[in-house]
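Me: I have a model open and would like to go through it with you. Could you take me through its strands and helices?
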Amino acid sequence: MTAEIAPTAPSRLVIRQAELAGGSVQDVLVEQGVIRAIGPALAVAGAVEIAAAGGFLLPGLADHHLHLAATTVGRQSVPCGPPEVDGPEALARALAAAPGSGWIRGIGYHESVAGLPTCALLDEIVADRPLRIQDRSGRMWFFNSAGLDRLLSCGEPLPDGLERSGGVWTGRLFDADAWLRRALAGTMPDFTETSATLARWGVTALTDMSVANGLAEARHFRAQQDSGALRQKIVLAGSLELTGMTPQPALARGAFKLHLHEAHLPDWSETLARMGAARQQDRGTAIHCVTEAELAFAIGLLAELGPVPGDRIEHGSVVSDGLRDALAGLGVPVVVQPAFVPARGDRYLADIPPAEWPWLYRLAGLEQAGLVLAGGSDAPYGPLDPWEAMRAAVERRTASGAPFGPAEALSPEAALALYLADPLDLRRTRRVAPGEPGDLCLLDRPWHEAHANLAAGLVRLTLIDGRIVFDRDAA
């Protein structure tokens, strides 16, 4: 029986006979939230004891790039793209099955389903309820007429991204998420369910990379942690507004997020000034790069300013050898999403010229060049489960089973290490060692058995600061 349980924090907790990295079997004492001692037979009085029975004990996993609010809302939304939805008829069936009577919110749309839909097209599918569908890039929204009417009557000044054609609103909205939240009077969601799911998978730390994160978002994350709804430690990246955020032990200020779009690259001098402002806040810059042109632009920016701790490349979706070597010269980490290979690989192979396939979602080739890699889900735009991503990094196959850059495959140990980086210093790999936080994940078997499986079901126990936040065996 599995159970997500209310966090408890025994002053002393001993995990008996746990396998650690390297293969030794030891006892581990966690006291006041910190690992205090490791040894073969620790004598500890008055401690809660957990029999690991040789199960592998590792630091809690960290998702180094996700969008927690969008993920939480997305888990309540209708999938509108491949593989679940592969054409107009499948889209109509999915939307017709949406429960409730108010807004229908679709996610994960791809233009292979029905192009870039207008409100007229969506009215043919859903006419009696307001509908909004988000493109899987996160940059575009599509509305039917009922949804468009809600937007036009919201009382907010209309953004440039609300498209007109021939003087008629198309129902397409581009790059205006902050405006949309205001127009819909949206509030941040409750994270309880998503946080519990992550705890069940052994995840103890998250880096939220939402570009619009500011003081309001920071307050919500803090309130969710205080209430117990959000169990994981958070690094909050985002806007320059976060300069006013007061860091807390479980809520740290992260990088300034720079979201590049190849078709509309920002003014060079202005962008350098914004990155400089982040440096004045002792923050690096996390640069979104999903095309070769975006990565080249990012490398140029970093080369001109000089890299600082906290600078990082997000995604690195297309990295040619030349750009890889330039990036390695700068020493800037890359946060990768291995699960995009099974999730989107078949589409990439269909849409992208074969000559570019070796550059897509690289892993081993980047490590061999000396680059530091860390793993993230980019949820809700990619699968949330880190174990799924680890398998993808090892197997390098699309959903249909087609090989996808097999030379870029990682060993199971290297795949796991993507999620063991320190969220505040990606160059440092966290360890089970005295002085380290009691953020731990206990598997139900030794590593030599687990590494061939790499499934979330292996997780038996998760601790954050010595608090048990998931116990599979709890009744």
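Me: Let us begin with strand E13. How many of its residues are buried?
Reply: Six of the six residues of strand E13 (residues 203-208) are buried, so the strand is mostly covered. Buried means under 20% relative accessible area, exposed over 50%, and partly exposed in between, with a 1.4 Å probe and protein chains only. Helices (H or I, at least four residues) and strands (E, at least two) are DSSP runs, numbered from the N terminus.

Me: Before we continue, what kind of model is this?
Reply: This is a predicted model, in which local features need pLDDT of at least 70, side-chain atom pairs count only at pLDDT 80 or more, and totals for chains, interfaces and linings use all residues. Residues are numbered from 1 along each chain as its sequence is written, and side-chain values use heavy atoms, with hydrogens and water left out.

Me: Back to E13. Which strands pair with it?
Reply: Strand E6 (residues 61-66) pairs with E13 in the parallel sense over four bridges. Strand E14 (residues 233-238) also runs parallel to E13, and four bridges join them. Two strands pair if DSSP finds at least two bridges between them.

Me: Which residue of E13 is the bridge partner of Asp63?
Reply: The bridge partner of Asp63 in E13 is Leu206. Leu206 also stands opposite Ile234 in E14.

Me: And what do E13 and E14 make with helix H8?
Reply: E13, helix H8 (residues 215-227) and E14 make a right-handed β-α-β unit. A crossover is right-handed if, with the strands pointing away from the viewer, the path from the first strand over the helix to the second runs clockwise.

Me: Where else does a right-handed β-α-β unit turn up?
Reply: Strand E16, helix H10 and strand E17 make one, and E17, helix H11 and strand E18 make another. Four bridges join E16 (residues 285-289) to E17 in a parallel arrangement, with Cys289 opposite His315 in E17. E17 and E18 pair in the parallel sense over two bridges, and the bridge partner of Glu314 in E18 is Val335.

Me: Which residues of H11 are buried?
Reply: In H11 (residues 321-330), the buried residues are Leu323, Arg324, Leu327 and Leu330. Seen down the helix axis, they fall within an arc of 120 degrees, so they line one face of H11. The arc is that of the directions from the helix axis to the C-beta atoms.

Me: What covers them?
Reply: The cover includes helix H10 (292-305), strand E17 (312-315), strand E18 (334-336) and helix H13 (364-368). Contact means heavy atoms within 4.5 Å.

Me: Changing topic: what is the strand order in the open sheet of six strands?
Reply: The order is E7-E8-E9-E10-E12-E11, with mixed pairing. Strand E7 (78-79) and strand E11 (162-165) stand at the edges with a single partner strand each, so one side of each is left without a neighbour in the sheet.

Me: How does E7 pair with E8?
Reply: E7 and strand E8 (residues 104-109) pair in the parallel sense over two bridges, and Pro79 stands opposite Ile107 in E8.

Me: Which helix packs on that sheet?
Reply: Helix H5 (residues 145-152) does, touching strand E9 (131-135), strand E10 (140-143), E11 and strand E12 (168-174). The direction of H5 makes about 110 degrees with that of E10. Axes are lines fitted to C-alpha atoms, for helices over the stretch in contact, and angles run from 0 to 180 degrees between N-to-C directions.

Me: Now Ser195: buried or exposed?
Reply: Ser195, which lies in helix H7 (residues 192-200), is buried, with a relative accessible area of 1%. Leaving aside neighbours within four places in sequence, Ser195 is in contact with Ala229, Leu230, Arg231 and Gln232.

Me: And the protein as a whole: how many helices and strands?
Reply: There are 16 helices and 24 strands. Of the 475 residues, 54% count as buried. Along its principal axes, the C-alpha trace spans about 80 × 50 × 50 Å.
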